[in-house]
Amino acid sequence: MLQRIYDWIDDRIDVTPLWRDVADHEVPEHVNPGYHFSAFVYCFGGLTFFTVVIQILSGMFLTMYYVPDIVNAHASVEYLQTDVAFGMIVRGMHHWGASVVIVMVFLHTLRVFFTGSYKKPREINWVVGVLLFFIILGLGFTGYLLPWDMKAYFATQVGLEIAESVPVVGDLASNLLAGGEFIGAQTLTRFFAIHVFFLPGALLGLIAIHFIMIRRQGISGPL
Amino acid sequence: MEKNHNVSRRQFLTYALLGTGGFMAAGLIMPMVRFGVDPILQADAEDDMIDVVGVDELTDVPQAFDMEYEQDHGWHVEQVTETVWMFLEGDEVVALSPTCTHLGCTVSWGTDADNPEQFFCPCHFGRFERDGTNVPGTPPTEPLHRYDHEVRDGRVLLGSPSPQL
């Protein structure tokens, strides 16, 4: 049945080469943990991507209930966490997953650094990777405020003070982030927009570039 | 020897990997899907009877009364005011919903100059008789819904509207 549906589609638009190009590629021996157990360090990039996918999915589901408004933000989070079926699990995925993504990005970066994979011709991919790291930190920072509880408030307060400590443009940066002089309704909607539209958009674009470069250049040689 | 096995080693591995992968993917996706569809699986809130008006205020001409109650929106409780058309049919209280059974606009009593003794819906000119029966030849296909009601200590208490017939 499935085979016939697949054949029907494949007959018409020839999808086989498309997915083979994406999914069917040889893995060099030195990155296969089956041959060298220590090669498991090459999994961190994939694990980062996997956790990012979980973050995107769980985040999409959370927005079904979440309201970015100072009156209702905390109440809606409390509702989805305590009253909606599996709310604790879905929010838990997003909450803990945020830390896991950062840990995975860090491990991936360490692997790339210690195997020297950032060297010519892969410098551009390293730069894109560092940008991805910053975007992921930004997602963590902007997501922190959204539950609108005391921890969220003070975490953001500290973050804004750090931005303010930058010479010359500090005040501007802090005001731009907060949408005003203080953390309030404007800050919450701003952080929400940055968290769910701006940063994920940039993240997906850069991930695409990151992956295309990997396929162009192949995995770096053995140490 | 090897050839006699019904499931080849490659097939076994494929099944095992797909099964494990599928199990893990389901473990991730299932909670999110259940989370998303939660509203359609929630039990309906039980209906409380709401005190609306004293029986002595009712006449045999339909009058609009306000029915006030709290509606639970999950993280927000809203004070809702609903209109009910009520009148006396002999001793019997009749409470009709103002929601047109055509497409849900709101009907009023006697607002159509040509048919002052009928409920009239301005959206598509739907009309209903005094007892809520839809007038044939106008858009509505069923009578106005009637509220479950109860008279207690001279007060009219209303439940929720249900279809006549």
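These notebook entries record what I looked up in a predicted model with chains A and B.

**Entry 1: the contact between the chains**

I began with the interface. I found that 22 residues of chain A and 15 residues of chain B take part in the contact. Together the two chains bury about 1600 Å², and carbon and sulfur atoms account for 81% of that area. I then asked which three residues supply more of the area that chain B buries against chain A than any other three. They are B:M32, B:F35 and B:W75, with 53% of that area.

I next looked for polar features across the interface. I noted zero salt bridges between chain B and chain A. I did find two residue pairs in polar contact, both at pLDDT 80 or more.

I also recorded which elements of chain B face chain A. Helices α1 (9-36) and α2 (38-41) of chain B each supply at least two residues of the side that touches chain A. The largest share of this side, nine residues, comes from α1(B). By residue type, I listed nine nonpolar, four polar and two charged residues on the side of chain B that touches chain A.

**Entry 2: annotated spans of chain A**

Residues 39-67 of chain A are 66% helix and 0% strand, and their end C-alpha atoms lie 44 Å apart. For residues 126-146 of chain A I noted 95% helix and 0% strand, with the end C-alpha atoms 31 Å apart.

**Entry 3: B:Q118**

I located B:Q118 in the loop of chain B between β5 (108-109) and β6 (119-121). Is B:Q118 buried or exposed? I recorded B:Q118 as buried, because its relative accessible area is 11%, under the 20% limit. Leaving out residues up to four places away in sequence, I found that B:Q118 touches B:S108, B:W109, B:G110, B:R127, B:F128, B:E129 and B:V135.

**Entry 4: B:A64**

I found B:A64 in strand β2 of chain B, which covers residues 63-72. I classed B:A64 as partly exposed because its relative accessible area is 41%, a value between the limits of 20% and 50%. With residues up to four places away in sequence set aside, B:A64 touches B:T83, B:V84 and B:W85.

Terms used. Residues numbered from 1 in each chain as written. Chains lettered and ligands numbered in written order. Predicted model: local features only at pLDDT ≥ 70, side-chain atom pairs only at ≥ 80, totals over all residues. Heavy atoms only, no water. Helix = DSSP H or I, 4+ residues; strand = E, 2+ residues; numbered from the N terminus. Buried < 20%, exposed > 50% of the residue type's maximum accessible area, 1.4 Å probe, protein only. Contact = heavy atoms within 4.5 Å. Buried area = accessible area lost by both parts, 1.4 Å probe. Salt bridge = Lys/Arg side-chain N within 4 Å of Asp/Glu carboxyl O. Polar contact = N/O pair within 3.5 Å; in protein donor to acceptor, adjacent residues only side chain to side chain. Nonpolar A, V, L, I, M, F, W, Y, C, P; charged D, E, K, R; others polar.
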